[in-house]
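Dear colleague,

I am passing on a structure that you have not worked with before, and below it you will find notes on what turned up when I went through it. Please read them with the structure open beside you.

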Amino acid sequence: MPELEPQLTALAAQIDWPATPNLVPAVRSRIAAPVMLRATWYQSRWALAAAAAVIALTALVAYQPSREAVADWVNVHVFFQRVHVVPTPSPLPPGPLGQRLGLGGKTTLADAQHQVSWHVTVPSKLGDPDEVYLQLPPTGSAQGEVTLVYSKRPDIPVAGETGVSVLVTEARGAVDRNFFGKMLGPGTTVEDLTVAGHRGYWIAGSLHDFYFNDANGSFRGETMRLATNTLILDVGGTIVRIEGNLTKAQALEIAASLH
Amino acid sequence: MEGRPKDESDLFARAQRGDTAAYEEIVQRYQMVAFRTAYVITGSAADAEEAAQDGFVKAYRALGSFRSGAEPRPWLLKIVANEARNRVRSAGRRHHLELRLAERFRPGDAAPSPEAEVVAAEDSRRLLDRVNALSEEDRLVITSRYLLELSGEETAAALGIPEGTVKSRLSRALARLRGTFGEVSRA
């Protein structure tokens, strides 16, 4: 019998494969609709966003988005996507803050710190948080997510989207696998900056959505949750997101006080 | 086998920057190997199409995790093959895949190409019959490596196993395939 491997190699050209379908049109239309409402929609946060995001998806399909920038951070990929139309947030449902915003269970700062493996940073500029929420897997990010709520602070108007002045959300970014994203409208500006040695982005202007791909590869959408000005920082592998009706100076001052 | 042109990394870099036309070119370039890989895993052209499509969409969402300078085919094939395996798992069964020779290579035809001249048509049919009759594990590794013409790294990505395991599994599968020919010869 002749050598087997050359025979197998020659056989490759003789196989009657099914015709390869042209996948380009279908892929094109699907990637043009970046608001993905898959993954685990039983979670309160995602359920909150679901109705509005479905409407938004319909609007987005009509447009061809173009990526504005992809920036590699040390630990986390930040992914900005420029779109022509950003979904409009739906009115917040009634109920406790944590439930309305899908922040997880209410807890204390000490308990939250005890439950997660990373150091929860707190901005001293804002004083003690009024409420602390913790969301652990499977509903939260792979290593949990902690949200500090600052209900009302001087000179920082309460945001209509949340009903509070500032939210500080922290989650651990896993190496390589994570990327955080913002879907940006035409009126939104993005500025990269460094605060106390931590790289970050200041996103300001019109409403924007937020989504990320967690360490388990699950696509998580936080659309409609908070669409005000945002400062995102990579603090030693922990993503710290400071959101509210803040000026850039206020956001930087808060970020500089993280400890 | 689809080539690896020099502009490949540029294509991925452009796609990462949000150039959807570049990504469409990537899909165009790799859809055949992606579809066929999914077909080998699922045994169904319809499932393979859906798996390949889902895989390309997921890959697009994950472009930020694609490292500059890395080989794109293993990266893409891993995503597509995962989708294909998920479909097999969720369906609870795998379609029986039986590869066939293209019409022009059926026994009795004149040899139309250099490849066909290497192996006589009847030998090709017998060889393919024996590949089809192998165990799932043997068939997958031989089909991936030789019939899909994947590299060792790509085969590992497609099958979700380490490259070293590909080598050992391939070696055993080839030995078993040789054995079946030996049995036929002695018969």
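A196(A) counts as partly exposed, because 13 C-beta neighbours lie inside 10 Å of this residue. Please keep in mind throughout that the model is predicted. A196(A) sits in the loop of chain A that runs between β8 (188-195) and β9 (198-205), and although A196(A) is not a glycine, its phi is positive, at about 50°.

A positive phi also turns up at D155(A), which is likewise not a glycine and has a value of about 70°.

As for chain A as a whole, 6 helices and 13 strands are found in it, and 45% of its 259 residues count as buried. Among the contacts in chain A with a separation of 6 or more, 66% come from residues 24 or more positions apart.

In chain B, I41(B) belongs to helix α2 (residues 20-42), and this residue counts as buried because it has 28 C-beta neighbours inside 10 Å, where 20 or more are required. If neighbours within four places in sequence are left aside, I41(B) is in contact with A81(B), A84(B), R85(B) and V88(B). For R85(B), the separation from I41(B) is 44 residues in sequence, while the C-alpha to C-alpha distance is 6.7 Å.

Notes: Residues are numbered from 1 along each chain as its sequence is written. Chains are lettered from A and ligands numbered from 1 in the order in which they are written. This is a predicted model: local features need pLDDT of at least 70, side-chain atom pairs count only at pLDDT 80 or more; totals for chains, interfaces and linings use all residues. Helices (H or I, at least four residues) and strands (E, at least two) are DSSP runs, numbered from the N terminus. A residue is buried if 20 or more other C-beta atoms lie within 10 Å of its own, exposed if 12 or fewer, and partly exposed in between; C-beta atoms are placed from the backbone. Two residues are in contact if their C-beta atoms, placed from the backbone, lie within 7 Å.
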